[in-house]
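Hi,

Here is the structure I promised to pass on. Please open it alongside this note; my findings follow below.

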Amino acid sequence: MPAVLIMKTHEFGNPDSEIVLIQPVDDHDLAGIENEFAAILSSCRINCRLTAVKVDDWNKELSPWEAPAVFGKESFGNGAAKKLGELLDLCGDKSKTYYIGGYSIAGLFALWAAYQTDIFAGAAAASPSMWFPGFAEYMKENRIKTDTVYLSLGDREERARNPVMATVGERIREAYTLLRENGVNCTLEWNEGNHFKDADLRTAKAFAWVLNSRSAANCE
């Protein structure tokens, strides 16, 4: 019989909270995840639960479609649909409100996931890999299914020597404009530094903005 893969999750916060944050993570994210969650709570003061889902192979499991290698020799797979299916299994309680977010290619995955399903009340994409081949065109040809999106980028990320990755600034500006034109409550925040600076705090800001924005909208 084939081996059964068990999804590895790390839970933080109130297990009974009606608000659940879903975040794909790697080992680097896990090293700062407690700091991230503390920063989320201090920034929005909203009772919530964070479910961090361990992803072993980001390029394969979080890529929406196959693409050639952009850096190094490892190409991108098309495992995002399968991974999203696994994450949706965590969203079965209809009495709860779910948000999705992530950093780097996990941020891109979070944005892509919001085009696939309306289960997520908001998408928190911190320094997403907007340079991913074909993603800008995908956004233009499809309609997102959430009304709240956070985007951010480090102010040095578009200075990358890699010509494909250097397009990230142009692509994220295009994404912000497109989402706003489509009526999405969206912000684009520029953080100081390159792609590898303060990933935990940048992700916390992403989730906190989405939560605060939705909370304010619900109070109107």
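**Surface and overall build**

The accessible surface of the protein chain comes to about 10700 Å², and carbon and sulfur atoms hold 49% of that. Keep in mind that this is a predicted model.

On overall dimensions, the C-alpha atoms fill a box of roughly 50 × 45 × 35 Å along the principal axes. A compact globule with 220 residues would have a radius of gyration near 17 Å, and the chain has 16 Å, so the two agree.

The chain has 8 helices and 7 strands. The 7 strands form an open sheet with mixed pairing. Its order is S1-S3-S2-S4-S5-S6-S7. At the edges sit S1 (9–13) and S7 (185–191), and each of them pairs on one side only. Neighbouring strands are turned against each other by 15° on average, direction ignored.

Look at S4 and S5 next. They pair in the parallel sense over 6 bridges. Glycine 102 stands opposite alanine 125 of S5.

**Helices on the sheet**

H5 packs on the sheet and touches S2, S4, S5 and S6 (148–154). The direction of H5 makes about 145° with that of S4. Further along, H7 (residues 168–181) lies across S6 and S7. H7 runs at about 155° to S7.

**Helix H4**

H4 covers residues 80–88, and its buried residues are Ala80, Lys83, Leu84 and Leu87. Seen down the axis of H4, these fall within an arc of 100°, so they line one face of the helix.

What do the buried residues of H4 pack against? Among the strands, they meet S2 (19–25), S3 (49–54), S4 (97–103) and S5 (120–126). Their helix partners are H3 (58–61) and H5 (105–116). H5 itself also touches S2, S4 and S5.

Best wishes

Definitions and conventions:
Residues are numbered from 1 along each chain as its sequence is written. This is a predicted model: local features need pLDDT of at least 70, side-chain atom pairs count only at pLDDT 80 or more; totals for chains, interfaces and linings use all residues. Side-chain values use heavy atoms; hydrogens and water are left out. Buried means under 20% relative accessible area, exposed over 50%, partly exposed in between (1.4 Å probe, protein chains only). Helices (H or I, at least four residues) and strands (E, at least two) are DSSP runs, numbered from the N terminus. The arc is that of the directions from the helix axis to the C-beta atoms. Contact means heavy atoms within 4.5 Å. Two strands pair if DSSP finds at least two bridges between them. Axes are lines fitted to C-alpha atoms, for helices over the stretch in contact, and angles run from 0 to 180 degrees between N-to-C directions. The radius of gyration is taken over C-alpha atoms; the globule rule is 2.2 Å times the number of residues to the power 0.38. Accessible areas come from the Shrake-Rupley method with a 1.4 Å probe; for residues, only the protein chains shown count as cover.
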